[in-house]
Amino acid sequence: MYNDWASKNRFQVDDTIHFKYKKDSVMVVREEDYKKCRSTHPIFFSNNGATLVKLDRSGLFYFISGVAGHCERGQKMIIKVMGHSDGPGASPGGNQTGTPPPPGAPDSGVAGPDMARVLAMASVQLVLVLVGSIFF
């Protein structure tokens, strides 16, 4: 289910993914650990219930739940991050973290097509929050 969702979305370098969950954890792992649901040597680990992961490079990111048995039951996801020059409409620069500023915050400097991308990423985060509330 997570990979189906991730494959239908486009992620760029500097986008941010927000995981919201209870009594669980989020790990970024290597491909081999992802395939085997092995959580012994994560690249990144968080269990604070509201984890933000900045997609700081192009390529594949492998996410798994850190709770025993959850990964084996499908709580894992691969996100493909495209570089700034990998796809149509990709443009370097600007605030493209995927996190809209809170109400009352200073202007982020994002306008036009970039604003559409920020709004799309906000909906991506909302989906992750909703999905994470059910499964993580």
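Start by selecting Asp15 in this predicted model: with 0% relative accessibility, Asp15 counts as buried. Asp15 sits in the loop between β1 (11-12) and β2. Now show Gln12 as well, and you will find the Asp15 side chain reaching the backbone nitrogen of Gln12 at 2.7 Å.

Next stop: the disulfide. Select Cys37 and Cys71, which are joined with an S to S distance of 2.1 Å; the structure holds one disulfide. Look along the S-S bond: the link of Cys37 and Cys71 is left-handed, at -70°. Zoom out to see that the pair ties together distant parts of the chain, 34 residues apart. Cys37 lies in the loop between α2 (31-36) and β4 (44-46), and Cys71 in the loop between β6 and β7. Cys37 is buried, with a relative accessible area of 14%, and Cys71 is buried too, at 2%.

Select Phe11, Phe19, Leu55, Phe63, Met77, Ile79 and Val81, the residues with the most contacts inside the largest nonpolar core, which has 17 residues. Colour α1 (2-7), β2 (16-20), β3 (26-29), β6 (59-65) and β7 (76-82) to see the elements that each give two or more residues to this core. Apart from this core lies another, of seven residues, including Met27, Tyr62, Ile64 and Cys71.

Which residues does Ile79 touch, leaving aside those up to four places away in sequence? Ala6, Phe11, Ile17, Leu55, Gly59, Leu60, Phe61 and Phe63.

Finally, colour by confidence. The mean pLDDT is 75, and 61% of the residues reach 70 or more. Select residues 89-127, where the pLDDT is below 50; beyond near neighbours in sequence, this stretch has 46 contacts in the model.

Methods. Residues are numbered from 1 along each chain as its sequence is written. This is a predicted model: local features need pLDDT of at least 70, side-chain atom pairs count only at pLDDT 80 or more; totals for chains, interfaces and linings use all residues. Side-chain values use heavy atoms; hydrogens and water are left out. A nonpolar core is a set of buried Ala, Val, Leu, Ile, Met, Phe, Trp, Tyr and Cys residues joined through side-chain atoms within 4.5 Å. Buried means under 20% relative accessible area, exposed over 50%, partly exposed in between (1.4 Å probe, protein chains only). Helices (H or I, at least four residues) and strands (E, at least two) are DSSP runs, numbered from the N terminus. Contact means heavy atoms within 4.5 Å. pLDDT is the predictor's confidence in each residue, from 0 to 100. A polar contact is a pair of N or O atoms within 3.5 Å; within protein, one must be able to donate a hydrogen and the other to accept it, and residues adjacent in sequence count only if both atoms are side-chain atoms. A disulfide is a pair of cysteine sulfur atoms within 2.5 Å.
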